Amino acid sequence: MFRILHQIFRTGIVTEPIPPIADPEIEKIGSQLEETIRRRFQKSLTIRQVDAGSCNGCELEIHAMNNPIYNCERFGIHFTASPRFADMLLVTGPVSRNMEIALKRTYDVTPAPKLVVAVGDCGRCGGIFGKSYASLGGIDSVIPVDVFIPGCPPTPIALLQGILKAVEG
Amino acid sequence: MSTLTNILVTALGEKWVQESGEDSFAVSTVLIPRSSFAEAGRQLKKAGAVLAAEWATDETPFERGFGVYACYRKDSEYLIIKTFAPVNDLSFPSLTKKFAAAYRFERQIASLMGVIPTGHPDTRPWIKHEDWPKDAWPLRKSFDASKPLPRVEGDYRWITVTGEGVYEVPVGPVHAGIIEPGHFRFQAMGEDVINLEAKLGYVHKGIEKRFEALSWEEAARLAGRVSGDTTVGHCLTYVQAVESMTGCRIPKRAQWLRALFLERERIANHLGDLGAICNDVAFAFFLYQCSRLKEIMLRTNMQLFGHRYLMDRVIPGGTLVDLNEAGWQTILNEMDWLEKEFEGLVAIYEANGSVEDRLRTTGILSTEKARDLGMVGLIARSSGIQLDCRVQHPFPPYDKIKVHVPVHTAGDVQARAWVRIEEIKESIRIIREILKTLPSGKITTTLPRIEPDKIGFAAVEGWRGEILYWIQSGPQGEINRCMVRDPSSINWLGLEQCIHGNIVPDFPVCNKSFNQSYSGNDL
C-alpha cells in the first residue's frame, strides 16, 4: 500500500492543459468545452462509443483521451456502457455491412436530442477500405452525422476539438 | 529437400509430391493430388507439424481452376501444400478433424470462396453473416466487389445448452467498453460458464478482396490498417512477403529500423494490455500508470518518426523515415527512463495479493489444449509452448539478435500478464541492442518489377504473435490474391476454451488477457 501511495505522490498530476489549436474554426477548447458542457449538459457529457467497422486504430486514440495526460473526465466527458444513457455517439468507421443494423439500432435507442461524431478518415468516407460489398463507406451513409473528425487515427487533441465543435452546435 | 517434404515423399510416394515451381524466397510449396490432401495433413501431424493457415485462391485467370493451400509449421520450417479443385467440382478434403485450427479457416473458405471442405463437421458460414445471399463468394474473380450486397432472410444456428437452471447471456456486437464489435453467447448455470461461442465477422471490410484492387505500394497502407494496433507488424509482414517475391534485399539499416518499430509497438501494446487487465480486477492505479508510460512512448514516436503508432513508416523496399543522432539519443534515454519506471511498477504489481488472487487460476488454457488448437504468440508462450518467429524463423535482423523468449506454463491470466511483463523488459533490451548495432547507410531500395504468377510469403512475430502473409501475383503482375493470417484467427479458439468452469464476471479479464484482434480476424 505504501508503495502505491509513494508512486502516486511521486508521479503527481500529469494532466496537461490542452495546447492552443491550429484549427482557426475552434479558438479555445479546454475551458470552453467545460463551459459548454456545464451549460448544455448539466456538467456531464455522456458518450457511447461505437466501432462500426474500424481497424481499431481510432479506438486506441479514444482510449488515450482517458489516460491521465489528456484526462477527458476533467471536462465532464465520460463514456457509458449503454447508448440509452448517452448524449453523444462517437462512431468509428467505415460502416461495415455486418455492423449496419447494429449501428442503426444503437442510434435509435439513444435518446434525443443526440449528437453523432464520426471519427477518422474512414468515418468520413470509408478511407482506404472505400465502398464495397462489405463496406458502406462513411458513417453518414447510415445515420446522420453532426461533426467529422479527420485523421488516421485522429490524435486525442483532435478528438477533444471535434467533440467541442459538436457540443457547441 | 526439406524435412517436411521428406516426410511427405516417404508417406505418399515420390510421384505424388511435386515441387510446384511456386517457391518464393521464403517458403517452398509442394503440389499433391486432391485425394491426398487430408492424408498429407495426417502424416505431417504425426511428424509433429502444426497447421498455421489454410486458404483458397481463384486461379481462373491462369485457367487452372481453384487452388487450395495449407501451410504447416514445424520448428523453424514452413511448408505449403497445394492442391487444385477443378471448376466443375469445387471441393477438397477437410483437415478439421486433424487440426482444430482448420475449423474456421475452412468455414471461411466455403463462405467467401465457395470451395467446400468435404467432411467438415460444421457447415455454418463464417464471417459471411446469415443475411448474405448464399451464392455471394466475394473472393472469386467473377464477384463484383463494388456492388452492395442485398440482404436475405436467414438465421444463425447457435450451439445450445438445455437443462434446468441453464440460462443464456448474449453479449454484443456493440460492447460495453471502447472495444471492437463481436457477439459472444454464454450458456451458464448459476455463475459458472458452461459454454461460450463467439460469432465474429462484424468488422469484415472485404480487406482481402480490396488488396486485389490496389497497387503494390497502396496495398502496404492497407496492410497497415488490417489491425490498427498491429500496424507495424502487419505492414512489415506484407512488405517482407512482397520483397520475397523478387528476392529484393533491403538496406541493412532499414532492416534494423523495422525491428526498432516492431519492438516499440510490442512495448506500447503490452503496456496497454497490462493496464487493462489490472483495471478489470479493480486495480485502476495500474491502468493509469501504464497508460502514462504508453502515452509518453507514443509521443516519442510522433516526435521522431511522425506518427504515434508508426503507421506507414514501413514501406516496400525499406522504411519511410530515418533516425538521426539526436533521435538515437532520445530513444536511448527513453529506454533508461522506461526501464526504471516499469521496474517500480512491476514491484508494486508483484506485491499486490488481491490482484494475484483474481488472476491466478483464472481462465486456464492448458498446454495440451493450446497445442491441440495450434495457439501462437504470447498465448502459446503463456501455456508452456516455446514459439516465437523471431527465434524459430528469424528474418533479418533477428538472425543477429538473440531473443530471450519468456515461457510460462500455468496458462492462466496471471501467466499471460507475466509473459507481457517479461517481454517488455526483453524488448527494452532488444531496442538497446538495435541502437548499439544500427548500421549506417541508405534506408530504401527500389523494388524490382513483380513478374506474373509469383508467390510471396512472410512470417513476422507481431506483439500478439505470428502474422502470416501469402501473396500471389496475377497475369499482369498485379495482386491476384493476398492471404492475411492474423494471430487472432487461431487464438480466438483458445479464448472459447479457457473460459469453461470460470464465472461469467471473470470473462472480461480473460478476454483482456487474450486481447484478440477482431478486425484482423474478420478482414
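Me: Which residues of H15(B) are buried?
Reply: This is a predicted model, in which local features need pLDDT of at least 70, side-chain atom pairs count only at pLDDT 80 or more, and totals for chains, interfaces and linings use all residues. Residues are numbered from 1 along each chain as its sequence is written, while chains are lettered from A and ligands numbered from 1 in the order in which they are written. In H15(B) the buried ones are B:Ser488, B:Ser489, B:Ile490, B:Asn491, B:Trp492, B:Leu493, B:Gly494, B:Leu495 and B:Cys498.

Me: Why is helix H15 of chain B largely enclosed by the rest of the structure?
Reply: Helices (H or I, at least four residues) and strands (E, at least two) are DSSP runs, numbered from the N terminus. The cover over the buried residues of H15(B) includes strand S10 (192–199) and helix H11 (367–373) of chain B. H15(B) spans residues 488–498 and is largely enclosed because of its 11 residues, those buried number nine.

Me: Which residues make the contact of H14(B) and H16(B)?
Reply: The axes, lines fitted to C-alpha atoms over the stretch in contact, come within 9 Å and cross at roughly 30°. Angles run from 0 to 180 degrees between N-to-C directions, and those under 35 degrees count as roughly parallel (over 145 roughly antiparallel, 65 to 115 roughly perpendicular, the rest oblique), so H14(B) is roughly parallel to H16(B). Residues are in contact if their C-beta atoms, placed from the backbone, lie within 7 Å. Here these are B:Val413, B:Arg416 and B:Ala417 of H14(B), with B:Val509, B:Cys510 and B:Ser513 of H16(B).

Me: How many helices and strands does chain A have?
Reply: Read chain A from the N terminus on, and the elements run α-α-β-α-β-β-α-β-α-β-α. The secondary structure of chain A comes to six helices and five strands.

Me: What share of the residues of chain A count as buried?
Reply: The C-alpha trace of chain A spans about 55 × 35 × 35 Å along its principal axes. Out of 169 residues in chain A, the buried share is 52%.

Me: Which element gives the most to the side of chain A that touches chain B?
Reply: In all, 37 residues of chain A are in contact with 44 residues of chain B. Elements giving two or more residues to that side of chain A include helix H1 (2–11) and strand S1 (45–51). With six residues, the one that gives the most is H3(A).

Conventions
A residue is buried if 20 or more other C-beta atoms lie within 10 Å of its own, exposed if 12 or fewer, and partly exposed in between; C-beta atoms are placed from the backbone. Two residues are in contact if their C-beta atoms, placed from the backbone, lie within 7 Å.
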